[in-house]
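Me: I've got a model open and want to talk it through. Can you help me find my way around?

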Amino acid sequence: MFCTIKFVYYKSFCVRDDIGSYIRTVYHMVSHTPKPEVPGSSPGRRARTSEGANTVPFPPCGENCTNVGSFFLFRIEPAPLGFDWVFIPGSRRERNTMERFWKHSWKRVDPERVAGYVQSIDMAPDALISALHRHGVKTVCDAGCGCGAYAMKLAANGFSVCGFDVSSHAVEIAQTLLEKATLAAELKTAGILSTGYADGTFDGVVCRDVLDHLPRAEAAAAVKELCRITKPGGIVIFTLDPLDEEYRTEPHRVNADGDYVYTAGKWKGMVFHPYTAETVRAIVPEGTRCEITGTSGELTVLLRKNAE
């Protein structure tokens, strides 16, 4: 019998770095098809998913194990042809950890404090809004809108605004604040790698201090996605934080791609990738017109999608 091998998300386990572990586990699954047992917190125990699928955990953690607080179990399903081989690269694990970090962070936010912050924002046009006007933008997407502070500013300056954030809690806060300010924006919960918008939906996309909180490989895919939802001839503007003292000193490790993966403290689970005017070009799609400005490490990147 042929099988399709898929991954099922299950909490409180570890993920091995050793790719050989994946292959050995796949072979073990096909050979033995174990019976599921009651879920437990020990990495060496089997667990039953919500769908009752047969699963096999990796062996107990060893020197090649990275504890990221989650585990992807296999699911065996009958399939007419061969195997679907699916592996989990390090950047995928870090992205999932990072998404959990932001979702958890927004759940802890006090909406009243956010409201006070938003009230203090100057709604007058800034450099990004001036650039949008200069390029004739009417419809704009706020990618990674958070509490909606910038979506409000965009709406207050006459744009037709949509936006999204990975945190549903952040979107709820944003919608409440927009309603109180009698401003309009269509917001939703979505990830930056798969926004759910059709090709060429917006005249412009704004993404403020989001891409540098993705693993570098994911950031490159995110920029492509933002360009995809931008109309031909439209623009994508994104900003990037500098690598300041706090980013340097909070407990972290640096992976092979140069991503800072925070391992403890208030930023545990967060990812930050520092960019320079030279290295940021690595995440810009080939053939895209690119203008980079900024001082003291704070970068603003404007991409012009080629007219078709």
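Reply: Here is a quick walk through the chain, its cores and a couple of residues. This is a predicted model, in which local features need pLDDT of at least 70, side-chain atom pairs count only at pLDDT 80 or more, and totals for chains, interfaces and linings use all residues. Residues are numbered from 1 along each chain as its sequence is written, and side-chain values use heavy atoms, with hydrogens and water left out.

Me: OK, how many helices and strands does the chain have?
Reply: Eight helices and 14 strands. Those are DSSP runs numbered from the N terminus: helices are H or I with at least four residues, strands are E with at least two.

Me: And what percentage of the residues is buried?
Reply: 47% of the 308 residues. Buried means under 20% relative accessible area, exposed is over 50%, and partly exposed is in between, using a 1.4 Å probe and protein chains only.

Me: Which residues in the largest nonpolar core touch the most other members?
Reply: I192, L211, L226 and F238, out of 30 residues in that core. A nonpolar core here is a set of buried Ala, Val, Leu, Ile, Met, Phe, Trp, Tyr and Cys residues joined through side-chain atoms within 4.5 Å.

Me: Which element gives this core its largest share?
Reply: That's α7, with six residues. Elements giving two or more residues include α7 (216-228), β8 (202-208) and β9 (230-240).

Me: What is L211 in contact with, leaving aside neighbours within four places in sequence?
Reply: I192, A219, A222, V223, F238, L240 and Y275. Contact means heavy atoms within 4.5 Å.

Me: What's in the second core?
Reply: That one is separate and has 16 residues, including I129, A155, F159 and I235.

Me: Switching topic: S167, buried or exposed?
Reply: S167 counts as buried because its relative accessibility is 1%. You'll find S167 in the loop between β6 and α6 (168-180).

Me: Which residues does S167 touch, not counting those up to four places away in sequence?
Reply: W102, K103, W106 and T189.

Me: Last one, where is R100?
Reply: In helix α2, residues 90-107. R100 has 27% relative accessibility, so it counts as partly exposed.

Me: And how far apart are the C-alpha atoms of R100 and M270?
Reply: They are separated by 8.9 Å, with the two residues 170 residues apart along the chain.
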